[in-house]
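Colleague: Could you take me through how to read a strand and a helix in a model such as this one?

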Amino acid sequence: EDMPNIPAAMPRCPAEKTDRSSSIVYGVLTGRPFHRTRVRALQDGWARHIANASIVFYSDADDPAVPTVRLTPPANERLLQLGAWRNFPGLMHLHDHYPDKEWFFFVDDDTFVFPRNFEALVSRLDARKPHYLGLYHTPRADLEWKEVHLAYASGGAGYVLSRPLLERARAHMDECHKKYVGWAGDIRVGKCLLDVGAAVEGQPGMHHEPPAHYTWSDQATTHV
(Lines give C-alpha, C1' and ligand atoms only; values in the text may rest on other atoms or scores of the structure.)
Protein backbone atom coordinates (compact mmCIF):
# COMPACT_ATOMS: atom_id res chain seq x y z
CA GLU A 1 0.00 0.00 0.00
CA ASP A 2 1.41 3.38 -0.97
CA MET A 3 2.03 5.80 1.86
CA PRO A 4 1.37 9.53 1.53
CA ASN A 5 4.52 11.56 0.85
CA ILE A 6 5.14 14.59 3.04
CA PRO A 7 6.23 17.65 1.00
CA ALA A 8 9.97 18.24 1.23
CA ALA A 9 9.44 21.97 1.64
CA MET A 10 7.65 21.63 4.98
CA PRO A 11 9.06 24.40 7.23
CA ARG A 12 11.40 23.35 10.01
CA CYS A 13 10.70 24.16 13.63
CA PRO A 14 12.19 27.57 14.51
CA ALA A 15 14.76 27.47 17.29
CA GLU A 16 13.23 30.30 19.31
CA LYS A 17 9.68 30.99 20.38
CA THR A 18 7.73 33.55 18.41
CA ASP A 19 5.83 36.47 19.88
CA ARG A 20 2.54 34.61 19.21
CA SER A 21 3.04 32.07 22.01
CA SER A 22 1.30 34.18 24.65
CA SER A 23 -1.82 34.42 22.44
CA ILE A 24 -2.33 30.63 22.44
CA VAL A 25 -4.12 28.30 24.83
CA TYR A 26 -3.98 24.52 24.45
CA GLY A 27 -6.93 22.40 25.55
CA VAL A 28 -6.05 18.73 26.13
CA LEU A 29 -8.78 16.06 26.27
CA THR A 30 -7.97 13.21 28.62
CA GLY A 31 -9.61 10.81 31.09
CA ARG A 32 -8.98 9.28 34.49
CA PRO A 33 -7.12 6.17 33.17
CA PHE A 34 -4.52 8.35 31.44
CA HIS A 35 -3.61 10.92 34.10
CA ARG A 36 -0.46 9.01 35.13
CA THR A 37 0.51 7.79 31.66
CA ARG A 38 -0.35 9.93 28.63
CA VAL A 39 -0.72 13.18 30.56
CA ARG A 40 2.55 12.71 32.39
CA ALA A 41 4.35 11.95 29.13
CA LEU A 42 2.80 15.04 27.53
CA GLN A 43 3.82 17.25 30.45
CA ASP A 44 7.38 15.91 30.29
CA GLY A 45 7.43 16.25 26.50
CA TRP A 46 6.05 18.93 24.22
CA ALA A 47 4.22 20.84 26.97
CA ARG A 48 7.61 21.89 28.36
CA HIS A 49 8.15 23.92 25.19
CA ILE A 50 4.96 25.95 24.98
CA ALA A 51 6.75 29.08 26.21
CA ASN A 52 4.19 31.69 27.28
CA ALA A 53 1.14 29.78 26.09
CA SER A 54 -1.41 28.30 28.50
CA ILE A 55 -2.50 24.67 28.74
CA VAL A 56 -5.63 23.13 30.31
CA PHE A 57 -6.37 19.42 30.85
CA TYR A 58 -10.03 18.39 30.53
CA SER A 59 -11.13 15.11 32.08
CA ASP A 60 -14.06 13.18 33.50
CA ALA A 61 -12.38 13.30 36.93
CA ASP A 62 -10.91 15.89 39.27
CA ASP A 63 -7.18 15.45 39.78
CA PRO A 64 -5.26 18.26 41.53
CA ALA A 65 -1.97 16.55 40.67
CA VAL A 66 -2.41 17.27 36.93
CA PRO A 67 -4.45 19.52 37.50
CA THR A 68 -7.63 18.78 35.54
CA VAL A 69 -10.89 20.58 34.85
CA ARG A 70 -13.71 18.08 35.34
CA LEU A 71 -16.40 18.04 32.65
CA THR A 72 -19.87 16.49 32.66
CA PRO A 73 -21.79 14.93 29.75
CA PRO A 74 -25.29 15.90 28.64
CA ALA A 75 -28.09 13.79 30.13
CA ASN A 76 -28.91 12.20 26.75
CA GLU A 77 -25.33 11.34 25.74
CA ARG A 78 -25.15 8.16 23.62
CA LEU A 79 -21.36 7.57 23.68
CA LEU A 80 -20.64 8.14 27.33
CA GLN A 81 -17.55 5.94 27.72
CA LEU A 82 -15.79 7.25 24.60
CA GLY A 83 -15.43 10.82 25.83
CA ALA A 84 -16.69 12.37 22.58
CA TRP A 85 -18.93 14.68 24.65
CA ARG A 86 -15.96 16.51 26.22
CA ASN A 87 -15.25 18.75 23.24
CA PHE A 88 -18.10 21.23 23.69
CA PRO A 89 -17.79 21.86 27.45
CA GLY A 90 -14.02 22.13 27.02
CA LEU A 91 -14.36 24.73 24.27
CA MET A 92 -16.93 26.66 26.29
CA HIS A 93 -14.57 26.68 29.28
CA LEU A 94 -11.70 27.97 27.15
CA HIS A 95 -13.87 30.73 25.71
CA ASP A 96 -15.19 31.81 29.10
CA HIS A 97 -11.91 31.65 31.06
CA TYR A 98 -9.30 32.83 28.55
CA PRO A 99 -10.64 36.08 27.09
CA ASP A 100 -7.13 37.34 26.27
CA LYS A 101 -6.24 34.42 23.99
CA GLU A 102 -6.46 34.60 20.20
CA TRP A 103 -5.91 30.94 19.26
CA PHE A 104 -7.44 27.81 20.80
CA PHE A 105 -5.70 24.52 19.97
CA PHE A 106 -7.68 21.45 21.05
CA VAL A 107 -5.78 18.13 21.12
CA ASP A 108 -6.05 14.61 22.52
CA ASP A 109 -3.69 13.47 25.25
CA ASP A 110 -1.82 11.25 22.77
CA THR A 111 -1.29 13.98 20.18
CA PHE A 112 2.26 15.33 19.79
CA VAL A 113 2.59 19.04 19.06
CA PHE A 114 5.58 21.01 17.80
CA PRO A 115 4.82 24.37 19.48
CA ARG A 116 7.27 26.43 17.39
CA ASN A 117 5.76 25.09 14.16
CA PHE A 118 2.28 25.93 15.38
CA GLU A 119 3.32 29.42 16.45
CA ALA A 120 4.86 29.95 13.02
CA LEU A 121 1.60 28.81 11.39
CA VAL A 122 -0.66 31.22 13.25
CA SER A 123 1.84 34.07 12.85
CA ARG A 124 0.97 34.00 9.14
CA LEU A 125 -2.78 34.28 9.79
CA ASP A 126 -5.04 37.13 10.86
CA ALA A 127 -6.37 36.31 14.33
CA ARG A 128 -9.11 38.92 13.87
CA LYS A 129 -10.79 36.67 11.27
CA PRO A 130 -12.65 33.39 11.84
CA HIS A 131 -10.39 30.36 11.32
CA TYR A 132 -11.04 26.64 11.75
CA LEU A 133 -7.75 24.82 11.12
CA GLY A 134 -6.90 21.13 11.04
CA LEU A 135 -6.50 17.98 9.00
CA TYR A 136 -9.30 17.97 6.40
CA HIS A 137 -11.36 14.84 6.94
CA THR A 138 -14.79 13.34 6.23
CA PRO A 139 -16.87 10.76 8.15
CA ARG A 140 -16.59 7.07 7.37
CA ALA A 141 -19.09 5.90 4.80
CA ASP A 142 -20.26 3.05 7.03
CA LEU A 143 -20.71 5.21 10.14
CA GLU A 144 -21.51 8.90 10.57
CA TRP A 145 -21.72 9.61 6.83
CA LYS A 146 -25.12 7.89 6.90
CA GLU A 147 -26.39 10.73 9.09
CA VAL A 148 -24.25 13.80 8.37
CA HIS A 149 -22.34 14.90 5.26
CA LEU A 150 -19.57 17.35 6.04
CA ALA A 151 -15.84 17.98 6.07
CA TYR A 152 -14.28 18.57 9.47
CA ALA A 153 -10.91 18.74 11.24
CA SER A 154 -9.80 15.33 12.48
CA GLY A 155 -9.53 15.34 16.25
CA GLY A 156 -6.54 13.00 16.19
CA ALA A 157 -4.46 15.76 14.65
CA GLY A 158 -5.95 18.44 16.84
CA TYR A 159 -7.99 21.40 15.62
CA VAL A 160 -7.61 25.15 16.01
CA LEU A 161 -10.16 27.93 16.37
CA SER A 162 -9.49 31.64 16.28
CA ARG A 163 -11.25 33.79 18.86
CA PRO A 164 -13.76 35.37 16.41
CA LEU A 165 -14.97 31.92 15.35
CA LEU A 166 -15.10 30.58 18.90
CA GLU A 167 -17.10 33.64 19.95
CA ARG A 168 -19.52 33.11 17.07
CA ALA A 169 -19.95 29.43 17.92
CA ARG A 170 -20.13 29.90 21.70
CA ALA A 171 -23.71 31.13 21.55
CA HIS A 172 -24.73 27.81 19.94
CA MET A 173 -22.56 25.35 21.86
CA ASP A 174 -24.95 24.67 24.73
CA GLU A 175 -27.50 23.58 22.16
CA CYS A 176 -24.90 21.63 20.15
CA HIS A 177 -23.82 19.86 23.35
CA LYS A 178 -27.38 18.67 23.92
CA LYS A 179 -28.24 17.94 20.28
CA TYR A 180 -25.15 16.21 18.85
CA VAL A 181 -24.74 13.19 21.11
CA GLY A 182 -24.16 10.19 18.81
CA TRP A 183 -21.07 11.02 16.77
CA ALA A 184 -17.32 11.27 17.34
CA GLY A 185 -16.30 14.48 19.10
CA ASP A 186 -14.50 16.04 16.16
CA ILE A 187 -17.54 15.50 13.92
CA ARG A 188 -19.78 17.14 16.52
CA VAL A 189 -17.53 20.19 16.57
CA GLY A 190 -17.39 20.29 12.77
CA LYS A 191 -21.19 20.15 12.54
CA CYS A 192 -21.64 22.89 15.13
CA LEU A 193 -19.14 25.10 13.30
CA LEU A 194 -20.84 24.34 9.99
CA ASP A 195 -24.09 25.49 11.60
CA VAL A 196 -22.49 28.93 12.09
CA GLY A 197 -21.04 29.04 8.60
CA ALA A 198 -17.46 27.88 9.21
CA ALA A 199 -15.56 25.43 6.97
CA VAL A 200 -12.34 23.64 7.88
CA GLU A 201 -9.11 25.01 6.43
CA GLY A 202 -6.90 21.98 5.78
CA GLN A 203 -3.32 22.22 7.07
CA PRO A 204 -0.60 20.00 5.53
CA GLY A 205 1.47 19.97 8.73
CA MET A 206 -1.23 18.31 10.85
CA HIS A 207 -1.49 14.50 10.87
CA HIS A 208 -3.56 11.87 12.70
CA GLU A 209 -1.42 8.84 11.88
CA PRO A 210 1.78 7.74 13.67
CA PRO A 211 5.12 8.71 12.04
CA ALA A 212 5.66 5.20 10.63
CA HIS A 213 2.59 5.69 8.40
CA TYR A 214 4.37 8.35 6.33
CA THR A 215 7.34 8.54 3.99
CA TRP A 216 9.44 11.42 5.29
CA SER A 217 11.69 13.64 3.18
CA ASP A 218 14.69 15.45 4.62
CA GLN A 219 14.50 19.09 3.60
CA ALA A 220 18.27 19.43 3.82
CA THR A 221 18.97 16.65 1.28
CA THR A 222 16.04 16.95 -1.11
CA HIS A 223 16.04 19.23 -4.16
CA VAL A 224 12.69 20.87 -4.81
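Predicted model: local features only at pLDDT ≥ 70, side-chain atom pairs only at ≥ 80, totals over all residues.

Modeller: Let us begin with the term buried, which means under 20% relative accessible area.

Colleague: With which strands does β1 pair, and in what sense?

Modeller: Strand β4, residues 103–108, pairs with β1 in the parallel sense over 6 bridges, and there L29 has D108 as its bridge partner. Strand β2, residues 54–59, also pairs with β1 in the parallel sense, over 5 bridges, with V28 standing opposite F57 of β2.

Colleague: How should I read the buried positions of a helix?

Modeller: An α-helix has 3.6 residues a turn, so residues three or four places apart point the same way. In helix α4, residues 163–179, the buried residues are R163, L165, L166, A169, R170, M173, C176 and H177, and what covers them includes α2, β4, β5, β8 and α5.

Colleague: What span does α4 reach, and where does α4 bend?

Modeller: From its first C-alpha to its last, the 17-residue α4 reaches 23 Å, close to the 24 Å expected at 1.5 Å a residue, and α4 bends by about 55 degrees at H172.

Note on methods: Residues numbered from 1 in each chain as written. Heavy atoms only, no water. Pairing = 2+ DSSP bridges. Helix = DSSP H or I, 4+ residues; strand = E, 2+ residues; numbered from the N terminus. Expected span 1.5 Å × (residues − 1). Bend = angle between axes of the 7 residues up to and from the residue. Buried < 20%, exposed > 50% of the residue type's maximum accessible area, 1.4 Å probe, protein only. Contact = heavy atoms within 4.5 Å.
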